[in-house]
Amino acid sequence: MKKGRTLFFKIILSTICGTLIFSGCKHTGPGKDNNPGEEVFYKGWGPFSNEDPEGTKFDLPAGLTFNAAVPAQVNGGPEEECTFRENGEERVSGIGTHVILCVSFRNSTSRPITLTLPPGLIFISRNRGTQNGMLSGKVAIQVPANGMYFHQLNLHCMNTGKKYTTNSSDPFDLGPVTTVKPAMELFEFLKNKDIYKDKMKSGYISAAISDIGNIGNISEFVWGELRKLPPGK
């Protein structure tokens with residue numbers, strides 16, 4: 001039954017975030033849409049940059065190492081989905097819909113380690129034709145002692161017009177935490193908002209991240225919709 005509810009939720013979320021805004025990760029061709037000059041505003045953002053995104057290096061706690069990040073096979077069985085469970089906990093976080101990754105970390109110590117992934121953390125595709133992904137909400141996970149931990153992260157795309165992939169052989173690297181000013185302003189604003197309660201309004205986070213890559217800032221229309229997000233607890 002839990003498996004059925006999980007699949008239903010994914011379908012609903014995908015449907016909501018796959019329209020309108022949510023088509024913000026599509027692009028109709030060079031020089032089209034809202035970046036006719038094919039301008040690159042920030043490294044690693046938008047449809048025309050093939051450089052690594054810039055930001056603050058994300059350091060893991062001592063004893064913890066990043067193992068891998070590959071596209072999650074969200075339509076497969078439990079062993080393929082990266083929705084590994086422990087004590088009934090489903091290991092899925094994030095509200096993005098276009099960069100869905102299975103990430104894994106290894107703990108070489110004899111004690112569990114809590115890892116906090118911050119908003120603005122970037123996963124960089126090694127394939128420059130594939131979208132980079134960004135986390136918009138803080139995620140805390142516990143990596144067991146002397147073991148590997150797998151977690152599915154649903155990330156926002158940073159590169160309108162580049163493809164999103166379900167090919168598990170298309171790997172991603174753990175990147176930095178963004179220092180791009182409009183993105184930092186976005187995540188500071190979201191600290192006081194509940195980004196999970198209203199899936200329709202929270203979809204505008206994807207639009208905001210697309211705006212940053214396409215026009216260098218977040219449009220007033222998107223800001224207006226983000227201000228309608230419910231307050232956080």
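Two strands are said to pair if DSSP finds at least two bridges between them.

## A strand with several neighbours

Let's start with strand S11, which covers residues 147-157. Is S11 mostly buried or exposed? Of its 11 residues, 9 are buried, so the rest of the structure largely encloses this strand.

Which way do its neighbours run? Strand S6 (residues 99-107) pairs with S11 in the antiparallel sense, over 9 bridges. If you look for Leu101, you will find that its bridge partner in S11 is Leu153. Strand S9 is also antiparallel to S11, and 2 bridges join them; here Gly133 stands opposite Cys157. Strand S5 (residues 92-93), in contrast, runs parallel to S11, again with 2 bridges, and Val92 faces Gln152 across this pairing. In a regular strand, side chains alternate between the two faces of the sheet.

Now turn to the inside of the protein. In soluble globular proteins, nonpolar side chains tend to be buried together. The largest nonpolar core in this model has 23 residues, and the ones with the most contacts inside it are Trp45, Leu186, Ile205 and Leu226. The elements giving two or more residues to this core are strand S8, helix H3 (181-190), helix H5 (204-215) and helix H6. Which of them gives the most? The answer is H5, with 6 residues.

Leaving aside residues up to four places away in sequence, Trp45 touches Met134, Met158, Asn159, Thr178, Val180, Ala183, Ile209, Ile212 and Gly213. Another core, of 22 residues, lies apart from the largest one, and its members include Leu101, Leu115, Leu117 and Leu155.

## Charged pairs

Side chains of opposite charge can pair when their charged atoms come close. How many salt bridges does a search of the whole structure find? It finds 7. One of them joins Arg128 and Asp52, with an N to O distance of 2.5 Å. These partners are 76 residues apart and link distant parts of the chain: Arg128 sits in the loop between strands S8 (121-125) and S9 (133-134), while Asp52 sits in the loop between helix H1 (2-16) and strand S1 (55-56). Arg128 has a relative accessible area of 32%, so this residue counts as partly exposed, and so does Asp52, at 40%.

A second example is Lys201 with Glu225, whose closest N and O atoms are also 2.5 Å apart. Lys201 belongs to helix H4 (residues 199-202) and Glu225 to helix H6 (residues 220-226), 24 residues apart. Both residues are buried; for Glu225, the relative accessibility is 10%. Glu225 also meets Lys228 in a salt bridge, at 3.1 Å. Through shared partners, Lys201, Glu225 and Lys228 form one network.

The chain has a mean pLDDT of 83, and 77% of its residues reach 70 or more. Where pLDDT is low, the predicted coordinates should not be read in detail.

Definitions and conventions. Residues are numbered from 1 along each chain as its sequence is written. This is a predicted model: local features need pLDDT of at least 70, side-chain atom pairs count only at pLDDT 80 or more; totals for chains, interfaces and linings use all residues. Side-chain values use heavy atoms; hydrogens and water are left out. pLDDT is the predictor's confidence in each residue, from 0 to 100. A salt bridge is a side-chain nitrogen of Lys or Arg within 4 Å of a carboxyl oxygen of Asp or Glu. Helices (H or I, at least four residues) and strands (E, at least two) are DSSP runs, numbered from the N terminus. Buried means under 20% relative accessible area, exposed over 50%, partly exposed in between (1.4 Å probe, protein chains only). A nonpolar core is a set of buried Ala, Val, Leu, Ile, Met, Phe, Trp, Tyr and Cys residues joined through side-chain atoms within 4.5 Å. Contact means heavy atoms within 4.5 Å.
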